[in-house]
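Me: Please take one part of this model and go through its packing closely. Give the cut-offs as you go.

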Amino acid sequence: METIGFIGTGVMGASMVQHLLRGGYDVIVYNRTKEKAMALVEKGAVWANTPQELAEQASVIMTMVGYPHDVEQLYIGDNGILTHAQPGSICIDFTTSTPTLAENLYKQAKEKNIHMLDAPVSGGDIGAREAKLAIMVGGDAEVFERILPLLQLLGTNIVLQGEAGSGQHTKMCNQIAIASNMIGVCEAIAYAKQAGLSPEQVLKSISTGAAGSWSLSNLAPRMMKGDFAPGFYIKHFIKDMKIALEEAERMNLSLPGLAMAKAMYEELAARGKENDGTQALYTTYIQR
């Protein structure tokens, strides 16, 4: 059995670690806020005092952190993972980050005989909790096949998209599709209320037809209850949209729908809602 090191035990990471523990694996954990990892330690995980200590002990290292600069610091900063990981070990970054950074980490890892996969996920807190994440992977096919049984403990839709960076590019496609769809979901619920309909009844009709989407089925009910707790933080969604727009600009591609969604979410963040869930976009329509 592989010894797994997991860095980043937040909203999604904590659920992912629990699935690995249930799968019978030894899991070492590290989180910047130690208290957030203590519930996992009580369930059998082992605490590491530093990422370096974790990297030295694990044969598979998984990371799920907030931003590309966090990923870069973890892997290639002073005393980073790639300095301390065992030769032959496998690193899997679940963070939504930049394709360029993913490619760079892959190259630097390879120089040290360490395998690197970029594997951003989709499905939010629900997908993480139910082990139904979509996992989009970039990297070497033979490494992917070796690690697939571990990934299957975390998700149900696991696809190798291509070489390093491909997982991150695929996640950008995912976020682009969600961004405009979220506007549509909010506007549909706002319209239903304004027309004097029961949004709950409307949802029963439209969620299984052509309008159906994950956001409509899973986040619209939260909107209607006024539940804006984060399954996925607004601040992280803004980060993702920024990456996608920068990549699109580099490819000379215009994405006006994405640009509009990003502007709307930035307005929410300016109102102090950056730590709410993405479904809080609905408050824009409530307050009009």
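Reply: Contact here means heavy atoms within 4.5 Å. This is a predicted model, in which local features need pLDDT of at least 70 and side-chain atom pairs count only at pLDDT 80 or more, while totals for chains, interfaces and linings use all residues. Residues are numbered from 1 along each chain as its sequence is written, and side-chain values use heavy atoms, with hydrogens and water left out.

The part is helix α9, residues 166-194; helices are DSSP runs of H or I with at least four residues, strands are runs of E with at least two, and both are numbered from the N terminus. In its contact with helix α14 (residues 256-270), α9 supplies I176, A179, S180, M182 and I183, and α14 supplies G257, L258, M260, A261, M264 and Y265. By class, 9 of these residues are nonpolar, 2 are polar and none is charged (Ala, Val, Leu, Ile, Met, Phe, Trp, Tyr, Cys and Pro count as nonpolar, Asp, Glu, Lys and Arg as charged, the others, Gly among them, as polar). The two axes lie 9 Å apart at an angle of about 65°, where axes are lines fitted to C-alpha atoms over the stretch in contact and angles run from 0 to 180 degrees between N-to-C directions. The crossing of α9 and α14 is left-handed, that is, the near helix is turned anticlockwise from the far one by less than a right angle.

The other partner is helix α13 (residues 234-250), whose axis is 9 Å from that of α9 at about 110°. That makes α9 roughly perpendicular to α13, a term for angles of 65 to 115 degrees. The crossing with α13 is left-handed. From α9 come H169, M172, Q175, I176, I178 and A179, facing F237, D240, M241, I243, A244, E247 and R250 of α13. This contact holds 8 nonpolar, 2 polar and 3 charged residues. I176 and A179 of α9 occur in both contacts.

Q168, also in the 166-194 range of α9, is one of the residues that line the largest cavity, with V71, D93 and L101 among the others. A cavity is a set of points on a 1 Å grid over the protein atoms alone where a 1.4 Å probe fits but cannot get out, and lining residues have an atom within 4 Å of a point.

Technical notes. 1 Å grid on protein atoms, 1.4 Å probe; cavity = no way out; pocket = protein on both sides within 12 Å on 5 of 7 lines; lining within 4 Å. Parallel < 35°, antiparallel > 145°, perpendicular 65-115°, else oblique.
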